[in-house]
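Here is a short briefing to read alongside the sequence and the 3D view. Take a moment to look the structure over first.

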Amino acid sequence: ESSIHVRPPVPLYKVWPSNNRFICCGSCFMGSEEEFPVWGNCGWSWANCCAWSCILGFFAAFCILALPYFWNTLIAIPILAG
């Protein structure tokens with residue numbers, strides 16, 4: 001009888017050696033604030049602000065400009081497919 005102890009798997013983001021902040025259970029990560037901190041100990045750097053502004057800005061532009069067109073034009077496709 002061999003007693004092999006199997007450890008449960010640990011998510012990689014919990015053991016990764018870095019200064020990054022992992023959010024959403026490791027689905028998203030943000031760089032460390034040591035690069036260019038916005039202000040002390042807030043956890044945000046200028047690179048993070050730029051990245052999130054681009055992501056949220058383009059998403060907002062899509063929702064405002066394109067989504068109404070697709071909603072009004074293509075609403076029949078999900079109804080017919082269902």
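Predicted model: local features only at pLDDT ≥ 70, side-chain atom pairs only at ≥ 80, totals over all residues.

The chain contains 3 helices and 2 strands, and they follow the order α-β-β-α-α along the sequence.

**The chain as a whole**
- Of its 82 residues, 10% count as buried.
- The accessible surface of the chain is about 7,200 Å², and carbon and sulfur atoms account for 69% of that surface.
- Among contacts between residues at least 6 apart in sequence, 2% join residues that are at least 24 apart.

**A nonpolar surface patch**
- Phe-62, Leu-67, Tyr-69, Phe-70 and Leu-74 make a nonpolar surface patch of about 470 Å².
- Leu-74 sits in the loop between helix H2 (46-73) and helix H3 (76-81).
- With a relative accessible area of 40%, Leu-74 is partly exposed; this value passes the patch cut-off of over 30%.
- Tyr-69 has 52% relative accessibility and therefore counts as exposed, because exposed means over 50%.
- Phe-70, at 38% relative accessibility, counts as partly exposed.

**Aromatic rings**
- The count of aromatic pairs comes to 2.
- One of these pairs is Tyr-69 with Phe-70, whose ring centres are 5.4 Å apart, with 65° between the planes.
- That pair is edge-to-face, because planes over 60 degrees apart count that way.
- Phe-62, Tyr-69 and Phe-70 form one aromatic cluster, and these three residues are also among those that make the nonpolar patch.

Note on methods:
Residues numbered from 1 in each chain as written. Heavy atoms only, no water. Patch = residues over 30% accessible without salt bridge, like charges linked within 9 Å, V, L, I, M, F, W, Y side chains within 5 Å. Areas by Shrake-Rupley, 256 points an atom, 1.4 Å probe, with all protein chains shown as cover. Salt bridge = Lys/Arg side-chain N within 4 Å of Asp/Glu carboxyl O. Helix = DSSP H or I, 4+ residues; strand = E, 2+ residues; numbered from the N terminus. Buried < 20%, exposed > 50% of the residue type's maximum accessible area, 1.4 Å probe, protein only. Phe/Tyr/Trp six-rings, centres within 6.5 Å; stacked < 30°, edge-to-face > 60°. Contact = heavy atoms within 4.5 Å.
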